[in-house]
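Reader: I would like to go through the labels attached to this model and hear what each one rests on. Please set each value against its cut-off.

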Amino acid sequence: MAKQKTRVEEFNRDIYDVYDHDTTEYQMEQGLNEEIVRSISKEKDDPQWMLDLRLKGLALFQKMPMPSWGPWLGELDMSKVVTYVRPNAKMTDDWKELPPDIRRTFDRLGIPQAERTSLFGVGAQYDSEIVYHSVQQEMRDNNVVYTDMESAMHEYEDIVRAHFMKLLTMDEHIFLALHAAVWSGGSFVYVPKGVKVRMPLQSYFRLNAPGAGQFEHTLIICEEGSELHFIEGCSAPRHNRLNLHAGCVELFVHEGAKLRYSTIENWSKNMMNLNSKRARVEKDGTIEWVSGTFGSHITMLYPSSMLVGEGARSEYTGISFSGKGQIIDTGAKVVHAAPHTSSTTTSKSISRDGGQAVFRSSVKIAPRATDSKCSVICESLMMDNDSRADTIPVMDVRNDTSDIGHEAKIGRISETAVYYLMTRGLSEEEAKAMIVRGFVEPVTKELPLEYAVEMNRLISLELEGTIG
Amino acid sequence: MHIRLASLNRLPVRTWSWLSVNESALEIPSLGAMYHGDPFADVPVGVTIRSDVSDVDFRSSVPPRFHAAEGNLHEVVDDTARFVEQRASYRAVLEIGEDVSVEAPMTATFDLGAGEQLFDRIHVRALRGSNAKIVFRYLGGRPSADDVVPCHGGFVSFEIEEGASLTFIQIQALCDRAVHLDAIDAVVAREGKFEVLLSEIGGQEAMASCNVELLGKSAESTVNGLYLAGNDSVRDLNYRIGFAKPETIGLIRVRGALNGKARKTMKSTIDFIRGASKSQGREEESVLVLGDEVVNVSTPLLLCGEDDVSGEHATSIGRPNSEKLYYLMSRGFTEKQARILLVEASMSTMLDMIPDTDGRARVLAALREVVEA
């Protein structure tokens, strides 16, 4: 009798795949040129310095090469991408004021419900614009700023100008140059000295228009001794044309501050998700990245942490799930640039049905980063041999007082573990489900309960048969 | 006039360019006199050596790569092999006869004179059921009176036939200004075994690769790497085991110590190809860093296109354990002696593989020199 393979079913994408038809008020023509960039700038009422930055980004984009490493990106034709789509909604702090289609979409995604129960503030972006933004009174009382990026550019211009694309500079790679040229939307958060925000803030990014790009910019500044948990969610309905996401996240964590940045990314499988994220962490500060990557056709995403102050710390905990037609190339970068810094990178991946999971990382320990510690752990679970799981770490150590450890494991569900659990009374399916949930648990336990449930639902495993 | 080779020791899968690990470059001094010597002292019964390599079509026995993951894969065997094929001044085919079991290790010594260059192209065929141990020693080579530095470029390929077992030990102990460029490439058939020890203890710049393809069911290979580097020397090493058939077993095990302003890049790859079910692969690197100006880069790749395998990697980079040092010093050892003992202990498995006392002594002397620098 032929053996059946362990199967991991596609999760139900119904709530994500609903396409809203008449929600676009205006969109730019396809492609990218100076006229389009100037038009976006005009839409945003940019100050001159921002227009200059956009034009510089465009010039760089036009001469920079595509990456010579990683997944093949030849399918991406920038002449077919619409870089700006304005929905037929004005930004509001009342869900009822949104057009019914857009409101229903966010209702289905559970954003208003989450806002009521477990968040201190919500920003919701639809295509290229933030359509909803609201913060609770306690945040205002503590002088915490949480607003859309365009408002921040005008209301907090000095702060934004001093930080915008200073951590991730536009000359690093072509998609940052593109981002500089056409960014639109995103969130700005400023947490004053000593303020500890008790409940998370969330920004949700929804890309509805076919063939469009989303280029939101997120800028968070946590002043000395402050604390914040920021959650980012993303989704899109499936189209038969490629969509592009090239966002940019810059995080400034000052002395003794702590920032947790959680992402649950569930783009549709026609999405090129080429996002860039970086944190700069000062003395005794902490950045924690929690990342769940489920959707997209191709993802290239490697949050990076620059540990520039003594005792700075970073933690990266990530899970990726790649199915048919997906290449999920994720990981983390850490630069230890000061003494007594520490970093932990833990990555888990599951690949199935021809999906390709790549864990890519770099750790750099500078000569002055004495007595630093670094641990990188990567585990990959393959559900069939149509899939791939590759691990590509690099460690560059330049002093003699630091300790670095790296471990990686690749394989399928352990038959011994299944057998053990079955001797304890579980069925084979229950045993496998338990093993897989245990495999992803280090990530889900880092999320608030509601989001852990969401992540578990996304993983939604249906296991049957025997180990093949 | 120098020859610059710009694309050596290529990583099987590219990563970020700014890390400078995708490929390495080397300048070959081109002015030296060629080495001429007869490296094999004794040839045991059942082994033949001939200098005509024209019938060796090694490339045809290596199947095309099976990766499906990315469009920008490198070939592992790269410019080193091509460069040496063109320039070889010493060529030999060494054949161990069918079912021949050679008790004593067979040793070849290449002892370079002042400013000499050696480019050797050697093919080793271990026929079905044979069993042997081969030692290659690359020694000597001081700069010439007009300051031409010695240089070695080698390409040694192996065919391990069904059920054959071959152990290959290479001791590269050239003078500290020499340039060393080396490629080892092996294919192992069903139930064949290939164990390698590559000790890179000499040379200003040593750039070496070892690529093993396990092409038969239950084939096995262990690639041991031992490197030592002090002053401003460079070690750039690229090891890979490809698992192409079921129930194959492979281990890459590397130990090293670095001091002074030494720079080391270690690339190692465990590569499971679809169809290699029930295979097991492991790579491990342990590095002792003894100087605060050392540059130590490790790139351990684990590539997997088959689900029914077990693949693991572990790297540890750090200074000698302070508790162990303290214990040894409390027993009367000086700090230097204690450090030497700890480094020796970390490399003892590999030191034990070296069959001759001269070889072991050379490695131990180099080890002490690096620790005491």
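**Labels and the values behind them**

Author: This is a predicted model. To begin with a helix pair in chain B, the axes of α4(B) and helix α6 (residues 357-372) come within 10 Å and cross at roughly 130°.

Reader: Why are α4(B) and α6(B) called oblique to each other?

Author: An angle over 145 degrees would count as roughly antiparallel, and 65 to 115 as roughly perpendicular. The crossing angle of α4(B) and α6(B) is roughly 130°, and therefore the two helices are oblique. Their crossing is right-handed. On the α4(B) side the contact is made by B:Lys336, B:Arg339, B:Ile340, B:Val343 and B:Glu344, and on the α6(B) side by B:Leu364, B:Leu367, B:Arg368, B:Val371 and B:Glu372.

Reader: How many residues of each class are in the contact of α4(B) with α6(B)?

Author: Five are nonpolar, five are charged and none is polar.

Reader: B:Glu344 is in that contact. Does B:Glu344 count as buried or exposed, and what makes it so?

Author: Buried means under 20% relative accessible area. B:Glu344 has 18%, so it counts as buried. B:Glu344 sits in helix α4, residues 335-346 of chain B.

Reader: Which side chain makes a polar contact with the side chain of B:Glu344?

Author: That of B:Arg368, at 3.2 Å. With neighbours within four places in sequence left aside, B:Glu344 is in contact with B:Leu351, B:Leu364, B:Leu367 and B:Arg368.

Reader: What makes α3(B) oblique to α4(B)?

Author: The axes of helix α3, residues 322-330 of chain B, and α4(B) come within 9 Å and cross at roughly 125°. Roughly perpendicular ends at 115 degrees and roughly antiparallel needs over 145, so α3(B) is oblique to α4(B). This crossing, too, is right-handed. From α3(B) the contact takes B:Lys324, B:Leu325, B:Leu328 and B:Met329, and from α4(B) it takes B:Glu335, B:Ala338, B:Arg339, B:Leu341 and B:Leu342. By class, six of these residues are nonpolar, three are charged and none is polar.

Reader: Now a loop residue. Why is B:Ser233 called buried?

Author: The relative accessible area of B:Ser233 is 6%. The limit for buried is under 20%, so B:Ser233 is buried. B:Ser233 belongs to the loop between β14 (220-229) and β15 (234-243) of chain B. A polar atom of its side chain lies 2.7 Å from the backbone oxygen of B:Gly230. Apart from neighbours within four places in sequence, B:Ser233 is in contact with B:Gly203, B:Gln204, B:Lys261, B:Ala262 and B:Arg263.

Reader: How do you know that A:Lys90 is exposed?

Author: Exposed means over 50%. A:Lys90 has a relative accessible area of 62%, and so is exposed. A:Lys90 is in the loop between β2 (85-87) and α3 (100-109) of chain A. Not counting residues up to four places away in sequence, A:Lys90 touches A:Glu25, A:Leu98 and A:Val131.

Reader: Why is A:Val335 called partly exposed?

Author: A:Val335 has 25%, so it counts as partly exposed. A:Val335 lies in strand β20, residues 327-336 of chain A. Residues up to four places away in sequence not counted, A:Val335 touches A:Ser305, A:Met306, A:Leu307 and A:Lys364.

How values were computed. Residues are numbered from 1 along each chain as its sequence is written. Chains are lettered from A and ligands numbered from 1 in the order in which they are written. This is a predicted model: local features need pLDDT of at least 70, side-chain atom pairs count only at pLDDT 80 or more; totals for chains, interfaces and linings use all residues. Side-chain values use heavy atoms; hydrogens and water are left out. Helices (H or I, at least four residues) and strands (E, at least two) are DSSP runs, numbered from the N terminus. Buried means under 20% relative accessible area, exposed over 50%, partly exposed in between (1.4 Å probe, protein chains only). A polar contact is a pair of N or O atoms within 3.5 Å; within protein, one must be able to donate a hydrogen and the other to accept it, and residues adjacent in sequence count only if both atoms are side-chain atoms. Contact means heavy atoms within 4.5 Å. Axes are lines fitted to C-alpha atoms, for helices over the stretch in contact, and angles run from 0 to 180 degrees between N-to-C directions. Angles under 35 degrees count as roughly parallel, over 145 as roughly antiparallel, 65 to 115 as roughly perpendicular and the rest as oblique. A crossing is left-handed if the near helix is turned anticlockwise from the far one by less than a right angle, and right-handed if clockwise. Ala, Val, Leu, Ile, Met, Phe, Trp, Tyr, Cys and Pro count as nonpolar, Asp, Glu, Lys and Arg as charged, and the others, Gly among them, as polar.
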